[in-house]
Amino acid sequence: MRVAIVGASGAVGQEFLRVLDEQNFPISELTLFGSKRSAGRAYTFRGKEYIVKELQHNDDFKDIDIAFTSAGAGTSKEFAETITKHGAIMIDNSSAFRMDEDVPLVVPEVNGDDAFNTPRNIIANPNCTTIQMVVALKPLNDISPIKRVHVATYQAASGAGAQAMAELIKQYSEIAEGKQPTIEKFAYQLAYNVIPQIDVFMPNDYTKEEMKMYNETRKIMHAPEISVSAMCVRVPVMRAHSEAIWIETERPISPEEAREAFEKAEGIIVKDNPAEKQYPMPLDIANQDPVYVGRIRKDLANENGLTFWIVGDQIKKGAALNAVQIAQYMIAHKK
């Protein structure tokens with residue numbers, strides 16, 4: 001495949017390079033694009049050096065098969081036509097097109113075939129928190145349709161980008177030295193703190209991040225009847241998001257049934273042994289590919305309820321890996 005990465009110098013762009021190599025993705029040609037500021041930077045991939053080109057409105061994408069884009073919604077919207085006009089498939093990691101009716105929103109383990117319905121040659125990569133949640137919801141929904149989802153997220157600094165990760169490290173260092181911590185990427189100090197706000201507040205007092213989980217889950221699962229209520233919280237963790245999830249299904253699902261379904265599901269690893277204090281934690285899951293599930297138990301407040309805990313690497317499965325898996329799915333199931 002002739003592959004392009006747009007936003008190659010960013011945290012997700014760099015993860016694209018690592019994931020493509022780890023997945024042994026078939027690449028005959030690779031082209032890296034970035035802003036005017038990052039143009040000229042050199043990166044090594046599979047022993048060869050590649051220079052970042054400035055993203056411009058020209059014919060640079062004429063011979064590209066797949067373009068992985070992660071340069072922000074504004075850039076994606078501005079350059080979508082430039083990227084796709086010669087037939088390249090744009091797999092976009094931003095929020096630009098996720099809810100557009102003519103753009104599929106894809107998590108391969110859940111709705112991979114949607115990737116073949118691309119009237120605009122664009123496929124949207126969902127929000128990181130939504131991706132790992134729907135991977136876990138799918139095997140349970142197959143047992144008994146899910147009616148309601150309540151979720152509380154514990155989102156790492158990585159969700160706000162490489163500069164945010166650096167700021168968290170800097171804050172701890174500054175506090176240790178008795179200095180005022182630098183606050184630029186977050187609304188408040190994140191070190192030794194949690195912030196119950198991710199993205200801006202909407203008119204209903206939910207944040208944009210929380211509404212993404214509401215809207216995207218229903219689209220991906222082809223289930224407009226599912227109710228989703230989210231509370232998204234930034235925590236002082238470097239990498240990998242955690243989620244506490246409560247679901248209500250049409251009929252009760254026992255923890256044993258759920259555990260068996262999780263163990264058989266693609267992209268999930270069960271780590272659930274309370275007696276031995278075994279459960280997923282972001283410290284262990286960072287840089288891992290699967291979504292990890294633990295703390296599986298009945299919801300004591302709901303007869304048809306089940307609750308569990310999941311952890312996934314935000315930059316991997318929550319971004320770059322899912323996008324690469326979309327391309328892999330398309331290659332494997334080419335119609």
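Q: Which element gives the most to the lining of the largest cavity?

A: A cavity is a set of points on a 1 Å grid over the protein atoms alone where a 1.4 Å probe fits but cannot get out, and lining residues have an atom within 4 Å of a point. Helices are DSSP runs (H or I, at least four residues), strands likewise (E, at least two), numbered from the N terminus. Here α2 leads, with 4 residues. This is a predicted model, where local features need pLDDT of at least 70 and side-chain atom pairs pLDDT 80 or more, while totals for chains, interfaces and linings use all residues. Residues are numbered from 1 along each chain, and side-chain values use heavy atoms, without hydrogens and water.

Q: Which residues line the largest cavity?

A: The lining consists of Val6, Leu55, Thr69, Ser70, Ala71, Thr75, Ser76, Phe79, Ile83 and Met90. About 30 Å³ of space lies inside.

Q: How should I read an aromatic pair, and how many are there?

A: Rings of Phe, Tyr and Trp (its six-membered ring) pair if their centres lie within 6.5 Å; planes under 30 degrees apart are stacked, over 60 edge-to-face, the rest tilted. The whole structure has 7 aromatic pairs. One of them, Tyr154 with Trp309, is tilted, at 5.4 Å centre to centre and 55° between the planes. Tyr154 lies in strand β9 and Trp309 in strand β14, 155 residues apart.

Q: Why is the pair of Tyr172 and Tyr192 edge-to-face?

A: Because the planes of Tyr172 and Tyr192 stand at 80°, with ring centres 4.8 Å apart. Elsewhere, ring pairs join Phe16, Phe25 and Phe68 into a cluster.

Key
On a 1 Å grid over the protein atoms alone, a cavity is a set of points where a 1.4 Å probe fits but cannot get out, and a pocket is an open set with protein on both sides within 12 Å along at least five of seven lines; lining residues have an atom within 4 Å of a point. Grid points are joined across faces, edges and corners, and a volume is the space filled by probe spheres set on the points.
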